[in-house]
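Me: I'm new to this one and would like to go through it slowly. Could you take me through the charged pairs, and then through one of the helices?

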Amino acid sequence: MNVIVDTCIWSLALRRRNTSNENEMILRLRELINESRVQMLGPIRQEILSGVTATQHFNTLKDYLAAFPDWTTSRTDYELAAQFYNQCRSKGIQGSNTDFLICAIASQHNMSIFTTDKDFINYAKIIPVKLFNLS
């Protein structure tokens with residue numbers, strides 16, 4: 001099964017300092033990359049690159065991420081994202097448009113989501129998404 005790697009995991013992997021728990025996540029990300037199971041979404045790429053003010057660092061990071069082509073997002077992905085947003089909101093669970101787009105693509109295309117963002121645990125109680133398990 002392919003895996004959508006959320007911005008928070010990429011951020012951990014691209015930082016210089018990591019805790020032992022973070023190192024386990026980074027090792028798993030490397031395995032997923034080596035297995036060619038990582039899926040990149042345009043909004044995640046944008047989030048990773050946003051805020052990188054040093055031009056050289058931005059270009060290096062952009063070149064590194066170019067190895068991961070963007071998933072082609074369809075109209076039905078956006079429609080399902082809106083439906084998921086509405087379902088969660090009706091149950092009192094808030095989230096961003098990007099989060100629900102990630103959920104919609106993962107759900108529609110049988111992918112799991114690799115994230116440390118606890119919001120996804122709440123989404124998974126309401127909508128059919130699979131969270132990536134480290135084990």
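Reply: Before we start, one term is needed: a residue counts as buried under 20% relative accessible area and as exposed over 50%, with partly exposed in between. Please also keep in mind that this is a predicted model.

Me: Okay, so is Glu35 buried, exposed or in between?

Reply: Glu35 has a relative accessibility of 42%, so Glu35 counts as partly exposed.

Me: And which residue does Glu35 form a salt bridge with?

Reply: The partner of Glu35 is Arg37, and the closest N and O atoms of this salt bridge are 2.9 Å apart.

Me: Why would side chains pair like that?

Reply: Side chains that carry opposite charge can pair when their charged atoms come close.

Me: How many salt bridges does the structure hold?

Reply: There are 4 salt bridges in the structure, and one of them joins the side chains of Glu31 and Arg28, with 2.5 Å from N to O.

Me: Where do Glu31 and Arg28 lie?

Reply: Both are in helix H2, which covers residues 20-34, and they are 3 residues apart, about one turn of the helix. Glu31 is partly exposed at 38% relative accessible area, whereas Arg28, at 14%, counts as buried.

Me: Switching to H5 now, which of its residues are buried?

Reply: The buried residues of H5 are Asp77, Leu80, Ala81, Phe84 and Cys88.

Me: What do they pack against?

Reply: The buried residues of H5 pack against helix H6 (97-108) and helix H7 (119-124), while the face turned away from the buried side carries the exposed residues Arg75 and Ser90.

Me: How does the span of H5 work out?

Reply: At 1.5 Å a residue, the 16 residues of H5 should span 22 Å, and the C-alpha atoms at its ends are 23 Å apart, which agrees.

Me: And what comes just after H5?

Reply: Just after H5 there is Gly92, which takes a positive phi of about 85 degrees.

Definitions and conventions. Residues numbered from 1 in each chain as written. Predicted model: local features only at pLDDT ≥ 70, side-chain atom pairs only at ≥ 80, totals over all residues. Heavy atoms only, no water. Helix = DSSP H or I, 4+ residues; strand = E, 2+ residues; numbered from the N terminus. Buried < 20%, exposed > 50% of the residue type's maximum accessible area, 1.4 Å probe, protein only. Expected span 1.5 Å × (residues − 1). Contact = heavy atoms within 4.5 Å.
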